Amino acid sequence: MNATPLIELDDVRVAFTGGGLRRTKTEVLHGVSLDIRPGETHGLVGESGSGKTTIGRAILGLVPLESGSIRFRGERIDGLRGTRRRALATQVQVVFQDPYTSLNPSLTIGDTLAEPLRAQGMGLADARRRIRELLDAVALPSGAADRLPREFSGGQRQRVAIARALAIRPALIVCDEAVSALDLTTQRTVLELLLSIQKETGVSYLFISHDLSVVRHMSHRVSVIYRGDIVESGDAAVVTSAPSHPYSRKLLLSAPVVDPAAQAERRRQFESEFAGARR
Ligand SMILES: Nc1ncnc2c1ncn2[C@@H]1O[C@H](COP(=O)(O)OP(=O)(O)OP(=O)(O)O)[C@@H](O)[C@H]1O
């Protein structure tokens, strides 16, 4: 794995202005530094409201920074506008949590996938060919192209969202709770798909989740965020099983365990299924 970072956040601060009369600014990222290497999955874990999505949005250029910098392959990208931002958008894509709202309900799957390709200036015949390739890559039949999102299950829609993110061969996909809305079995197949795509294409993921066991199995490295600060960062197995920061330990201990035996079994299954895919 190449050690030069694909994405590098250095001391990133983000603040939002409140909607009240006084319109005070509240800082939600307090100097976040992290990097993502080519071909790597960097997991980002933390409780609700800790700032995970804001980090993803900052990388995508959707929120301005108060200070700090974001670099893509060594070049500053924070503050990029216009054509340079659009050019970067081909390199950094996103898959959101909710497969029911992230696809345009009135566009067929084919049109959904054609949009980013056509925006790149790809001709009709090439776009059709690429759509077939993409559907194949996410294990959907080519006939899916003529159908509307409502004809698909949540897991299938998430496959479409992944295909759309992959369409223009990005270097990084921000997966923001990308499997959280899916049932366990569907989660597993989508995670497996993400891993096999990474193996094949070398794409990097910023994998945002509140589910430690999923993050552990998907990630090479993990960062733990607490109230806008990265409190721990390191090898996935170490951070998620023997964390050194008290908050990470608390997060590990407070991970929902509805049925400890079932959780252990689920973990064991994840371990064996994904161990092969990670090699
Ligand atoms: N556009 C916005 N305007 C004002 N405040 C915001 C905005 N976006 C996020 N925030 C605030 O920033 C903080 C971090 O939010 P963020 O969505 O990044 O957290 P998160 O860790 O992704 O949470 P969750 O797991 O619930 O999605 C929260 O306090 C949130 O209310």
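## Close-up views of the predicted chain and its ligand shell

**View 1. Confidence along the predicted chain.** Among the elements of the chain, the lowest mean pLDDT, 46, belongs to helix α10 (residues 260–278), and the highest, 97, to strand β3 (residues 41–45); helices (H or I, at least four residues) and strands (E, at least two) are DSSP runs, numbered from the N terminus. For the complex, the predictor gives an ipTM of 0.97 and a pTM of 0.86. This is a predicted model, in which local features need pLDDT of at least 70 and side-chain atom pairs count only at pLDDT 80 or more, while totals for chains, interfaces and linings use all residues. Residues are numbered from 1 along each chain as its sequence is written.

**View 2. The chain and its annotated span.** The chain holds 10 helices and 10 strands. Residues 24 or more positions apart account for 68% of its contacts with a separation of 6 or more. An unreviewed UniProt entry lists residues 7–252 as "domain: ABC transporter", with positions given in the numbering used here, feature names shortened, and annotations that may be inferred rather than shown by experiment. In the model, the end C-alpha atoms of residues 7–252 lie 27 Å apart, and the span is 37% helix and 26% strand.

**View 3. The shell around the ligand.** The residues around the ligand are Phe-16, Val-28, Gly-46, Ser-48, Gly-49, Ser-50, Gly-51, Lys-52, Thr-53, Thr-54 and His-210, a residue being near a molecule if its C-beta atom, placed from the backbone, lies within 6 Å of it. Helix α1 (residues 52–59) contributes the largest share of this shell, 3 residues. By class, the shell divides into 2 nonpolar, 8 polar and 1 charged, where Ala, Val, Leu, Ile, Met, Phe, Trp, Tyr, Cys and Pro count as nonpolar, Asp, Glu, Lys and Arg as charged, and the others, Gly among them, as polar.

View 4. Strand β3 runs parallel to strand β8 (residues 204–209), joined by 5 bridges, with Phe-207 as the bridge partner of Gly-43. Strand β9 (residues 221–226) also runs parallel to β3, over 4 bridges, and there Ser-223 stands opposite Leu-44.

**View 5. The antiparallel sheet.** An open sheet is formed by 4 strands in the order β2-β1-β4-β5, with antiparallel pairing, two strands being paired if DSSP finds at least two bridges between them. Its edge strands, β2 (25–36) and β5 (75–76), each pair on one side only. Between β1 (residues 7–17) and β4 (residues 67–72) there are 5 bridges; Asp-10 has Ser-69 as its bridge partner, and Leu-9 stands opposite Ile-70. Strands β4 and β5 are joined by 2 bridges, Arg-71 being partnered by Arg-76, and in their hairpin, which has 2 residues between the strands, Arg-73 takes a positive phi near 45 degrees.

Technical notes:
pLDDT is the predictor's confidence in each residue, from 0 to 100. Two residues are in contact if their C-beta atoms, placed from the backbone, lie within 7 Å.
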